[in-house]
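Colleague: Hi! Could you walk me through this structure?
Modeller: Happy to. Here it is.

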Amino acid sequence: MMEKRECQCVADRINTYLASQLWMDFELCVLNGSEVVLSGRLDELDEYLIDISFEQPCFISSRMFFTYEGGRFLKILEGEECAVISQKHQIEQGNFIFQFSADENMTPFFVAAEGIHVTIRSRPIRQ
């Protein structure tokens, strides 16, 4: 299991990368008992530029497809926010609750998991 500071470093890297993009279309590509993968690309004809992998998920609340359009994308819940979601969805202690938001007007999504990883690819050169 990851430590909180490791998860926070990954979340910061994701937020920094997405802040440099005008938008990103996301798709929930993998969903099983050991991994949830959220992948993003700029156009449906392009390859994925970012894969966000959640390790050992125990809860997910997300749309299958959505478009990120600015703002803070990902945060790790703490304190009262974490306690409310944990109690409401019976999330076991030891999991991190990741909250992500497509934009300021959309209800946030949640993934509870033991860890998080990211893969960021450079954009392909078009000819």
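This is a predicted model: local features need pLDDT of at least 70, side-chain atom pairs count only at pLDDT 80 or more; totals for chains, interfaces and linings use all residues.

Colleague: How many bridges join β3 to β9?
Modeller: Six, and the two strands run antiparallel. Strands here are DSSP runs (E, at least two residues; helices are H or I, at least four), numbered from the N terminus.

Colleague: What is the strand order in the open sheet?
Modeller: The order is β5-β1-β2-β3-β9, with antiparallel pairing; two strands pair if DSSP finds at least two bridges between them. β5 and β9 are the edge strands, each pairing on one side only.

Colleague: New topic: how many aromatic pairs are there?
Modeller: The whole structure has 11. Rings of Phe, Tyr and Trp (its six-membered ring) pair if their centres lie within 6.5 Å; planes under 30 degrees apart are stacked, over 60 edge-to-face and the rest tilted. F26 and F73 are a stacked pair, 5.1 Å centre to centre with 15° between the planes.

Colleague: Which parts does that pair tie together?
Modeller: F26 lies in strand β1 and F73 in the loop between β5 and β6, so the pair ties together parts 47 residues apart in sequence.

Colleague: Are F26 and F73 buried or exposed?
Modeller: Both F26 and F73 are buried (under 20% relative accessible area; exposed is over 50%, partly exposed in between, with a 1.4 Å probe and protein chains only).

Definitions and conventions. Residues are numbered from 1 along each chain as its sequence is written. Side-chain values use heavy atoms; hydrogens and water are left out.
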